[in-house]
Amino acid sequence: MMKKKLAVISTACLLILASDPVSSYATPDSSSDVLDQPTSVTNEDVKAIFDSLYQEGYSLGEEDGYAEKKFEQFDQTTGLDKSSEEFTWFMMGYTVGYKKGQQQKEEELKTEQENEMAAGEEEGYQQGVLDYKHATIQSEIDPFPSKSSDWNKGYVQGYKKAISLMDLSVKAKKEGYDQGLENDSMSVPSMYDDEDVTRQAFTEGFETAQAEVLNQQKKQFEKQGYVQGYHDLSLEVPAEAEGELQTAFEQGYEKGQKQKQKDVKADGYDSAFTYQTYRAPKSLQDKPELEKWYKAGFYSNKDVKSFKQKAYKDGWKLGKEMSVPKKYKQNKAAVAMYKKYFEQGQKKQDKTVSHILLGSGIVLTLIALITLWRLRRRKNEDTTLDS
């Protein structure tokens with residue numbers, strides 16, 4: 001009798017597992033024959049019995065499905081205390097639970113694989129970017145023995161993705177740069193807009209070009225402002241110079257004015273070597289501000305007196321060759337002044353020597369010798385000055 005009932009249970013289990021558990025799931029109604037229950041059993045009682053048996057089977061089935069081992073939780077007494085209909089309800093729960101356990105296990109394995117691949121892909125991507133920047137790209141990627149196959153698969157994918165994106169980024173940056181030279185507004189092509197790396201590269205190229213264009217424009221406007229300021233014109237900013245361009249123009253204007261003042265002051269300083277007293281140039285008579293700087297330069301020259309005396313003394317000394325101090329060799333006015341007073345010193349020297357030698361009887365001979373020597377020296381001095 002026992003063997004016969006076990007055979008019936010096994011057959012029922014196989015039939016139920018092979019069927020669709022959802023379509024088989026049906027709450028019994030009042031017509032169900034539950035252990036030949038008396039007519040006093042209500043629908044609620046039947047449903048409670050069904051739910052209890054279904055849940056019991058579901059729990060066992062979920063454990064077996066997760067372990068992927070059918071009937072693992074069964075033993076020789078499973079189902080012996082149940083009628084055929086009760087066992088059917090029990091197996092309904094078991095079948096659904098088994099499927100649920102299987103599904104849960106599959107989802108966990110899938111999540112684990114995805115996590116492993118994601119971790120490998122991230123590390124492979126980072127390594128690919130570094131290798132690309134250092135020009136050490138690996139054509140063949142060796143697996144990591146300590147990592148899972150999913151991790152290694154993700155690593156390879158990430159590495160190749162990095163190399164591909166970096167190649168595309170170079171192209172994106174070049175196109176962004178070209179667009180920045182031609183247009184003021186940026187429009188990222190769709191092929192670069194999908195990835196942060198390529199979009200950023202395109203943007204970087206565009207902004208680099210825009211900065212170069214702006215810098216070139218600033219230089220042009222600064223130069224225009226400089227010319228305007230140097231010629232002491234009133235400040236008139238061009239209409240197209242706005243924002244940073246206006247600032248560049250105004251800065252150039254200020255630099256031009258300062259340089260003009262510096263040059264005018266230098267001219268005044270040089271004029272002190274030429275004129276004994278101050279005189280304003282005609283070109284500055286209607287420009288009081290510049291004339292003020294010219295005058296300041298003239299009176300700032302405190303070297304004229306000592307420089308004049310040195311030139312005169314150098315010329316007076318017998319045998320002394322004309323040698324303009326290094327500080328003034330590039331100043332034409334100073335050189336001209338030195339030569340003028342050096343020659344005056346020479347003339348004074350000639351008169352002094354002649355007066356001394358008149359009483360010695362050898363005046364003519366010495367004068368001839370001195371004159372000859374003087375001519376040769378002047379020839380050498382002219383050659384020196386020309387050089």
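**Reading cores and contacts**

A: Begin with contacts, that is, heavy atoms within 4.5 Å. Leaving out residues up to four places away in sequence, Phe273 touches Asn301, Val304, Phe307, Tyr328, Asn331, Ala333, Ala334 and Met337. This is a predicted model, in which local features need pLDDT of at least 70 and side-chain atom pairs count only at pLDDT 80 or more, while totals for chains, interfaces and linings use all residues. Residues are numbered from 1 along each chain as its sequence is written, and side-chain values use heavy atoms, with hydrogens and water left out.

Q: Which residues have the most contacts inside the largest nonpolar core?

A: A nonpolar core is a set of buried Ala, Val, Leu, Ile, Met, Phe, Trp, Tyr and Cys residues joined through side-chain atoms within 4.5 Å. Buried means under 20% relative accessible area, exposed over 50%, and partly exposed in between (1.4 Å probe, protein chains only). The largest core here has 21 residues, and Phe273, Phe307, Tyr328, Met337 and Tyr338 have the most contacts inside it. At least two residues each come from helices H8 (244–271), H9 (288–300), H10 (304–316) and H11 (332–357). H11 gives the largest share, six residues. Another core, of seven residues, lies apart from this one and includes Phe50, Tyr54, Trp89 and Met92.

Q: How many helices and strands does the chain have?

A: Helices (H or I, at least four residues) and strands (E, at least two) are DSSP runs, numbered from the N terminus. The chain has twelve helices and zero strands. Of its 387 residues, 29% count as buried. Among contacts between residues at least 6 apart in sequence, 71% join residues at least 24 apart.

Q: What surrounds Asp64, and is the residue buried or exposed?

A: A salt bridge is a side-chain nitrogen of Lys or Arg within 4 Å of a carboxyl oxygen of Asp or Glu. For charge, Lys and Arg count as positive and Asp and Glu as negative; His and the chain ends are not counted. Asp64 lies in helix H3 (residues 43–67). Asp64 is buried without a salt bridge, and the nearest side chain of opposite charge, Lys69, is 9.0 Å away. A polar atom of the Asp64 side chain lies 3.3 Å from the backbone nitrogen of Phe71. Not counting residues up to four places away in sequence, Asp64 touches Lys69, Lys70, Phe71, Glu72, Gln73, Tyr94 and Tyr98.

How values were computed:
A polar contact is a pair of N or O atoms within 3.5 Å; within protein, one must be able to donate a hydrogen and the other to accept it, and residues adjacent in sequence count only if both atoms are side-chain atoms.
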